[in-house]
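Work through the following exercises with the model open beside you, and try each task before reading its solution.

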Amino acid sequence: MSTSQAIVAGWMESPTSAVNDEARRRAEDDALAAMVDQYASALYRVAYSVLRNQADAEDAVQEAFVRVLRHRDSLGEVRDQRVWLIRIVWNIVLDRKRRAKTRPETDDVAELARVLPSTGLSAEELATAAQHHAHVLGCVDQLPAKERQVLMLSAFEELSSVEIASVLGISESSVRSRLFRARNLMADLLDHERSLR
Amino acid sequence: MTSIPHEPSASASASSPAEETLRLIAKLPAPTGLEERVQTAIDAVSRRGRVLAWPRTLRPESSWMRSAAAAAIVFVVAGGGWGVYTHVEQNQPAKVIVMPARMPAIGGFGGAGAIRTPQTLPGPKAPQAVKVNSETSPARLKTAKKPVAIAKPASGGTSRPDNAAAEAGAPK
């Protein structure tokens, strides 16, 4: 087929390809909407565990899905969408956390007291619990970044060590060893804090 | 899939408050309406993109559009080449501009081969050297007798009296 014939054929089949494009685009939109419904909550929890701020976590989730929108043509190539999405949001929140280092630390106690489930707890108990959790989170923040990241991701019961390795881009054995180190360090830190009191 | 082993070790039991806290945070429910808000944000971004997007029939990914673009590029390149080829005359003798030879000004400085030289005022002219004659050569001048002063005749009797006495040979 000569070039001119190919161009004419392209002209002739353009209405059909436009219809196909429209159908494909609609299918991609539907797939994206389904992903939002399915994974938005999980992504929010991942974002919140790092940022510890409701608005920032929600922004991070939105940014993650906007990035997905830009690469929706390659959605079919993604093997595990959940891990892929967690990896995207993880990178976003780490980047935000790094940028927010110049800002003053958020008030963990007040934020935790606001978001912690308060069923069956008096206001005083709730305040004490929030203080305790804020103190523990302070110790977590003192961990080296690699160990801290593994420890935080391991708190998500829906993530296996293989998936954590995939999110962080490391081997599974590295995940295990880092988790072991993180636990030891946390025990030391908490013991040290207890002895100081 | 393998899950993380939670071996009951001393460190694990000591760090359990930390993991308990992290699990508690990890289980916090997402705010209500999160999905709708995310969906709205996606729609807004998608709509913003469509304003600047190509019309459907002119999408860059359509095959005929790509072919047309390729043909246009080939046409422009070939046309440009042909234009250059037709404008260049072959076997044209090289145009040589003959520059007039510059003569240095008499008594002045040379131009040192400069293409342009500024116009300057005419330089000072030295007086012509006196031509030495054989009659006035120094050797001859030495041997020559001193010319005798010829007394000028007094004009109108205005000469001084002492000058007159000297002329008469009277002792001073």
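The exercises below concern a predicted model and are each followed by a worked solution.

**Exercise 1.** Determine where A:R52 is located in chain A, and decide whether A:R52 is buried or exposed.

Solution. Begin with the secondary structure: A:R52 sits in the loop that joins helix 1 (3-51) to helix 2 (54-70) of chain A. Next consider the backbone, where the phi of A:R52 is near 55°, a positive value in a residue other than glycine. Finally, apply the cut-off of 20 or more other C-beta atoms within 10 Å for a buried residue; because A:R52 has 21 C-beta neighbours inside 10 Å, A:R52 counts as buried.

**Exercise 2.** Which helix of chain A has the lowest confidence, and which the highest?

Solution. Start from the chain as a whole, which averages a pLDDT of 80, with 83% of the residues of chain A scoring at least 70. Within chain A, confidence is lowest in helix 4 (residues 108-115), at a mean of 69, and highest in helix 7 (residues 161-168), at 91.

**Exercise 3.** Describe the secondary structure of chain B and state what percentage of its residues count as buried.

Solution. Chain B contains six helices and zero strands, which gives the pattern α-α-α-α-α-α along the sequence. Of its 172 residues, 6% count as buried.

Note on methods. Residues numbered from 1 in each chain as written. Chains lettered and ligands numbered in written order. Predicted model: local features only at pLDDT ≥ 70, side-chain atom pairs only at ≥ 80, totals over all residues. Helix = DSSP H or I, 4+ residues; strand = E, 2+ residues; numbered from the N terminus. Buried ≥ 20, exposed ≤ 12 C-beta atoms within 10 Å, placed from the backbone. pLDDT = per-residue confidence, 0-100.
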